[in-house]
Amino acid sequence: MPSVSIVNVTSYTGLELLRLLSQHPQFVVTSVTGRSAVGKRLDEVFPQLSSLLAFNQAATPAVNPKLVIGEEPAQTDLAFVCLPHAAAAEMVAHLLKRGTRVVDLSADFRLYDVAVYEEWYKHVHPAPALIEDAVYGLCERYRERIRKSSLVANPGCHSSTAILGLLPAFAAGIINPDVIIDSKTGISGAGRSPSLKTHYAEVNEDMSAYSLEGHRHLAEIVQELIAGAKDGGHPLSAPPRITFIPHLAPMTRGILATCYADLKPDAQQRMPTTAEIRALYEEYYANEPFVHVVDQPPHTKWTYGSNHCFIYPVVDVRTQRLIVISCLDNLVKGASGQAVQNANLLYGYPETMGLSIVGVNP
Ligand SMILES: NC(=O)C1=CN([C@@H]2O[C@H](COP(=O)(O)OP(=O)(O)OC[C@H]3O[C@@H](n4cnc5c(N)ncnc54)[C@H](OP(=O)(O)O)[C@@H]3O)[C@@H](O)[C@H]2O)C=CC1
Ligand SMILES: CC(=O)N[C@@H](CCC(=O)OP(=O)(O)O)C(=O)O
């Protein structure tokens, strides 16, 4: 059974990995780190984990709540890195050097062009030589490459939502590459560190837009939609024109992106119908266990705590625009669940292993 470390278990994504891996029949978490909790047991920091003791009958349980949090990760087969960007790249370089396979939840290896990374992240990339070895960890697109990889760059949460929502339309060339993405996110997307921006009294019953000057996830979205269009046989002649505006919504988890684009007429100057587009989307995701094309606008509550993404494409007949609503849980399909899906691919396990849970609703 592969041994696993979680680097920075004191993060929301680290904690979510513990929850998911506690149900995984193959991986065994043997090392966890977190500067603010060094020397403490997992169940001291996260008392809810003590409930696992009643179920941990195996000699090596997947998650042992008595595991002591360290400063540095011990040698393991696989590591999930849940550090902020830049710190993550340094840790990833260290782990790869000692032969550990890595799923990095940060943004450090998601962009194939280091100049684009440095433009958006405003610092010099700490390990640019590793970028070419990394695979963008959107399993629905790159599962064959992920299987052979040692470094998976787990996608961003807004990016996953928007890319999954728009890929079929870009691959089929049915829209003008001029898109507006209006993405609403739960507060946990901002992480666990205290900040006025995420203080309860500030965000409860409040909605606001942020990063209007340009959000970092735009770079990933552009990169992947260009690739999706090309691989679908409809390469773009120029970069897509995308306006992506994230909004903070008064909920703990969840992302709901509403995407708008003008439809292109077919060779007979006829516009596609909702039924045709839904059929196209259903075909694109026909064999995907975690992506579901639905016939009504999805709710973030459908995804709460699960690795599922729900997508609703519909034509606005008055304007001949395609509207696609896509939603998922930022901490699961948008982060830790997708990371486990990637780890399953790395080890040749069924992609769904340990991820069969349905969303909590209400
Ligand atoms: N939250 C989300 O929905 C998503 C997050 N991500 C990405 O996943 C990674 C983890 O995110 P998230 O779980 O939100 O993180 P959190 O903000 O919840 O955790 C941050 C923790 O990281 C530790 N930390 C901060 N700076 C450093 C540093 N320089 N070196 C080492 N440790 C540091 C601190 O813990 P301590 O002091 O205990 O070490 C801090 O509490 C990030 O790269 C994030 O961008 C990706 C997709 C979605
Ligand atoms: C609410 C909120 O602040 N969300 C974060 C999501 C960040 C994320 O997904 O992580 P990466 O930085 O790894 O891309 C944001 O919009 O920046």
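**Two ligands and one protein chain**

Good morning. The residues of the shell around ligand 1 comprise 11 nonpolar, 15 polar and two charged. Here Ala, Val, Leu, Ile, Met, Phe, Trp, Tyr, Cys and Pro count as nonpolar, Asp, Glu, Lys and Arg as charged, and the others, Gly among them, as polar. A residue counts as near a molecule if its C-beta atom, placed from the backbone, lies within 6 Å of it.

This is a predicted model, in which local features need pLDDT of at least 70, side-chain atom pairs count only at pLDDT 80 or more, and totals for chains, interfaces and linings use all residues. Residues are numbered from 1 along each chain as its sequence is written, while chains are lettered from A and ligands numbered from 1 in the order in which they are written.

Where does ligand 1 lie? Domain 1 (3–155 + 334–346) and domain 2 (158–330) both contribute residues to its shell, so ligand 1 lies between them. The domain bounds come from an automatic or database domain assignment. Of the 28 residues around ligand 1, Ser11, Arg35, Ser36, Gly191 and Arg192 come nearest.

Let us turn to ligand 2. Its surroundings include Ser106, Cys157, His217 and Leu248. By class, this shell holds five nonpolar, five polar and no charged residues.

Finally, the chain as a whole. Of its 362 residues, 49% count as buried, that is, with 20 or more other C-beta atoms, placed from the backbone, within 10 Å of their own. Along the principal axes, the C-alpha atoms of the protein chain fill a box of roughly 65 × 45 × 40 Å. Thank you.

Methods. A residue is buried if 20 or more other C-beta atoms lie within 10 Å of its own, exposed if 12 or fewer, and partly exposed in between; C-beta atoms are placed from the backbone.
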